Amino acid sequence: MKNKSIIQWCIYVGVYLMILFHLLSCKPTVYNPDTDPEVLDWYIDNNDTIIYTKQDSIRDERERYRYIDSLYRADENAYDQWMENQ
């Protein structure tokens, strides 16, 4: 009978220690934008984290191209109208 209670106590202690070591080894996962390969730039503004990714860069480059293209088109249209009036 005594051996049975010692074995139960050892099992309880072993399970307790396994759970304790597992909990101690767990680290909270915190997102770090410095280690993310998709993040090009980030900063904090008024307690908001602003993250600039590769997709943002691609979108901005397309918008920049459309804007420059619209300037060329406007210039060509103005030149065409000026030539028609000459």
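**Entry 1**

The term covers values between buried (under 20% relative accessible area) and exposed (over 50%), computed with a 1.4 Å probe on protein chains only. I note that the model is predicted, that local features need pLDDT of at least 70 and side-chain atom pairs pLDDT 80 or more, and that totals for chains, interfaces and linings use all residues. Residues are numbered from 1 along each chain as its sequence is written, and side-chain values use heavy atoms, with hydrogens and water left out.

Which residue forms a salt bridge with E61? I found R64, with the closest N and O atoms 2.4 Å apart. A salt bridge here is a side-chain nitrogen of Lys or Arg within 4 Å of a carboxyl oxygen of Asp or Glu. R64 and E61 are three residues apart in helix α2, so about one helical turn separates them. R64 counts as partly exposed because its relative accessibility is 42%.

**Entry 1**

R59 forms a salt bridge with D60, and their closest N and O atoms are 3.4 Å apart. R59 also forms a salt bridge with E63, where the closest N and O atoms are 3.9 Å apart. I located both E63 and R59 in helix α2 (residues 54-85), four residues apart, about one turn of the helix. Helices are DSSP runs of H or I with at least four residues, and strands are runs of E with at least two, numbered from the N terminus.

Is R59 buried or partly exposed? R59 has 41% relative accessibility and therefore counts as partly exposed. E63, at 42%, is likewise partly exposed. The structure holds five salt bridges.

**Entry 2: the hairpin**

I turned to the strands. Strand β1 (residues 39-45) and strand β2 (residues 48-53) pair in the antiparallel sense over six bridges; pairing requires that DSSP finds at least two bridges between two strands. Y43 stands opposite I50 in β2. The two strands form a hairpin with two residues between them, and N46 in the turn has a positive phi of about 50°.

**Entry 3: K27**

Where does K27 lie? I found K27 in the loop between α1 (2-25) and β1. K27 counts as exposed because its relative accessibility is 72%. The C-alpha atoms of K27 and I50 are separated by 25 Å, the two residues being 23 residues apart along the chain.
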